[in-house]
Each structure stands twice: as structure tokens, then as C-alpha cells.
Amino acid sequence: MDWFERRILQYVLAWGPHGSMSDEDTFPEFGMKVTQLNERFARIIAASRDHINRLDDADRKLITRA
């Protein structure tokens, strides 16, 4: 997992308790609309499950939270 993928996970997790995200927030931050960001989030989670044991502790905890 790279820094950009970590940032996506952190961002989506931070917004979770506060309701929906808007394109006006996600596009300047990531260059993606909310739907694209959510799709990327899901792909990161799916790909990480296959090799979660090889991730460092911080990334493993982030994936588990997500």
C-alpha cells in the first residue's frame, strides 16, 4: 500500500461518522469524484485482504478499521 492509498483510507474513515462526502471536497484532495473515491476505497480493501499478513502493523490496523 502506498501513501496515496493510505490517505484514501484515512479520509473515508474520517468522513464515515459525519455523513456523505461531496465532490467539492474529494476532487481537490484526490482528483476524483465521490463515486470514484468509493470505488478506489473498495479496491484497496479487496486487494489488501489477499496479503494482509505481509502489511506492517500500521497498515494492517488501517485495513482492519476500514
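Colleague: Why are α1 and α2 called roughly antiparallel to each other?

Modeller: Their axes cross at roughly 160° and come within 12 Å. The rule goes by angle: under 35 degrees counts as roughly parallel, over 145 as roughly antiparallel, 65 to 115 as roughly perpendicular and the rest as oblique. The crossing angle is roughly 160°, so α1 and α2 are roughly antiparallel. One more thing about this pair: the crossing is right-handed. On the α1 side the contact is made by F4, R7, I8, Y11 and W15, and on the α2 side by D25, T26, E29 and F30. Sorted by class, that gives five nonpolar, one polar and three charged residues.

Colleague: What do "axis", "contact" and those classes stand for?

Modeller: An axis is a line fitted to C-alpha atoms, for helices over the stretch in contact, and angles run from 0 to 180 degrees between N-to-C directions. Contact means heavy atoms within 4.5 Å. Ala, Val, Leu, Ile, Met, Phe, Trp, Tyr, Cys and Pro count as nonpolar, Asp, Glu, Lys and Arg as charged, and the others, Gly among them, as polar.

Colleague: And where do the numbers come from?

Modeller: This is a predicted model, so local features need pLDDT of at least 70 and side-chain atom pairs count only at pLDDT 80 or more, while totals for chains, interfaces and linings use all residues. Residues are numbered from 1 along each chain as its sequence is written, and side-chain values use heavy atoms, with hydrogens and water left out.

Colleague: How many helices and strands are there in the chain?

Modeller: Four helices and zero strands. From the N terminus on, the elements run α-α-α-α. Helices (H or I, at least four residues) and strands (E, at least two) are DSSP runs, numbered from the N terminus.

Colleague: What makes α1 roughly perpendicular to α3?

Modeller: Helix α1 (residues 3-15) and helix α3 (residues 34-49) pack at an angle of about 115°, with axes 10 Å apart. That angle makes α1 roughly perpendicular to α3. In this contact, F4, E5, I8, L9, Y11 and V12 of α1 meet L37, R40, F41, I44 and I45 of α3. By class there are nine nonpolar, no polar and two charged residues.

Colleague: Why is α1 called oblique to α4?

Modeller: Here the axes cross at roughly 40° and come within 10 Å. That angle falls into "the rest", which makes α1 oblique to α4. R6, L9, Q10 and L13 of α1 and D59, L62, I63 and R65 of α4 make the contact. It has four nonpolar, one polar and three charged residues.

Colleague: How do you know whether D59 is buried or exposed?

Modeller: You check its relative accessible area: buried means under 20%, exposed over 50%, and partly exposed in between (1.4 Å probe, protein chains only). D59 has 5% relative accessibility, so D59 counts as buried. D59 lies in helix α4 (residues 57-65) and touches M1 and R6, not counting residues up to four places away in sequence.

Colleague: What about S48, buried or exposed?

Modeller: S48 has a relative accessible area of 4%, so S48 is buried too. S48 sits in helix α3. Leaving out residues up to four places away in sequence, S48 touches M1, L55 and I63.

Colleague: Why does M21 get its label?

Modeller: The relative accessible area of M21 is 15%, so M21 is buried. M21 lies in the loop between α1 and α2 (23-30). Apart from neighbours within four places in sequence, M21 is in contact with Y11, V12, W15, T26, V34, L37 and N38. The C-alpha atoms of M21 and N38 are separated by 9.8 Å, although the two are 17 residues apart along the chain.

Colleague: And which label does D25 get?

Modeller: D25 has 33%, so D25 is partly exposed. D25 belongs to helix α2 and touches Y11 and W15, again not counting residues up to four places away in sequence. For the whole chain, 30% of the 66 residues count as buried.

Methods
A crossing is left-handed if the near helix is turned anticlockwise from the far one by less than a right angle, and right-handed if clockwise.
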